[in-house]
Amino acid sequence: ERLKLTGPGTDLTLGLPLGHMWSGAFMTRQDGLGYVANLPTEEIFTLPHKRKAEGYLTASMPLSYGGALMDDFRLTFKEGRVVDVQANIGESVLQKLIETDEGSSHLGEIALVPHSSPIAQTGLLFYNILIDENASTHCALGSSYKFSIEGGDRLSDEEFTARGGNPSMLHVDFMIGSDQMDVDGITADQKIEPIMRNGEWAFEV
């Protein structure tokens with residue numbers, strides 16, 4: 001029902017929509033052909049509920065977007081919306097991204113990536129988010145993927161939003177994970193299930 005993420009500069013609770021689904025990069029086309037949409041890939045991802053993000057998070061790596069660099073930034077959320085932006089580098093650019101449209105001030109993705117991933121172990125910033133996102137647990141501002149919720153591909157934007165999805169013209173991933181991040185799942189009956197400890201899976205995978 002919810003995820004709890006804690007680490008340096010991050011204390012965030014994300015509600016998850018009813019019927020949400022976790023995915024990897026392997027996809028299946030409508031004609032049944034399987035393919036991998038992004039290589040390299042390390043993530044397992046889903047959509048957070050548009051209106052159920054509470055707390056704050058801090059980027060653990062710089063974000064390069066559209067030729068601009070944003071670094072050492074912190075976002076605070078209330079009822080799913082960004083209500084405060086702080087950044088030592090690129091704050092005005094980040095603020096403009098969040099103001100792109102109504103959905104860009106909400107989260108559209110939460111992706112779990114172990115700190116031991118090969119991309120993380122290079123210690124490099126590739127300045128390409130499709131590579132850099134595989135170094136760290138990350139979130140995305142903006143659009144969530146309809147296929148991340150049961151029957152989502154058949155939903156209109158209005159129906160998708162009603163179920164907790166977040167339509168937007170923007171989808172910008174940024175990294176928040178580290179070797180100090182813990183992630184817990186919280187069930188509907190308030191049971192806490194460890195998912196990650198110190199940036200690594202808390203169970204065998």
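Asn166 lies in the loop between α4 (157-162) and β12 (171-175); helices (H or I, at least four residues) and strands (E, at least two) are DSSP runs, numbered from the N terminus. The model is predicted, so local features need pLDDT of at least 70 and side-chain atom pairs count only at pLDDT 80 or more, while totals for chains, interfaces and linings use all residues. Residues are numbered from 1 along each chain as its sequence is written, and side-chain values use heavy atoms, with hydrogens and water left out.

**Surroundings of Asn166**
- Asn166 counts as buried because its relative accessibility is 0% (buried means under 20% relative accessible area, exposed over 50%, partly exposed in between, with a 1.4 Å probe and protein chains only).
- The side chain of Asn166 makes a polar contact with the side chain of Lys50 at 3.5 Å (a pair of N or O atoms within 3.5 Å; within protein, one must be able to donate a hydrogen and the other to accept it, and residues adjacent in sequence count only if both atoms are side-chain atoms).
- The backbone oxygen of Gly103 is reached by the side chain of Asn166 at 2.8 Å.
- Leaving aside residues up to four places away in sequence, Asn166 touches residues including His106, Gly142, Ser144 and Phe160, where contact means heavy atoms within 4.5 Å.

**Aromatic rings**
- The structure holds 5 aromatic pairs (rings of Phe, Tyr and Trp, the last by its six-membered ring, with centres within 6.5 Å; planes under 30 degrees apart count as stacked, over 60 as edge-to-face and the rest as tilted).
- Phe45 and Tyr145 form an edge-to-face pair, because their ring planes stand at 65°, with the centres 6.1 Å apart.
- This pair links distant parts of the chain, 100 residues apart: Phe45 is in strand β5 (residues 44-46) and Tyr145 in the loop between β11 (138-142) and α4.
- Phe45 counts as buried at 3% relative accessibility, whereas Tyr145 is partly exposed at 33%.
- Phe45, Tyr145 and Phe147 form one aromatic cluster.
- The charged end of Arg74 sits over the ring of Tyr56, 4.0 Å from its centre (NZ of Lys or CZ of Arg within 6 Å of the ring centre and within 35 degrees of the ring normal).

**The sheet**
- An open sheet of 4 strands runs in the order β5-β10-β11-β12 with antiparallel pairing; two strands pair if DSSP finds at least two bridges between them.
- Its edge strands, β5 and β12, each pair on one side only.
- Strand β5 is joined to the antiparallel strand β10 (residues 107-112) by 3 bridges.
- Ile44 stands opposite Leu112 in β10.
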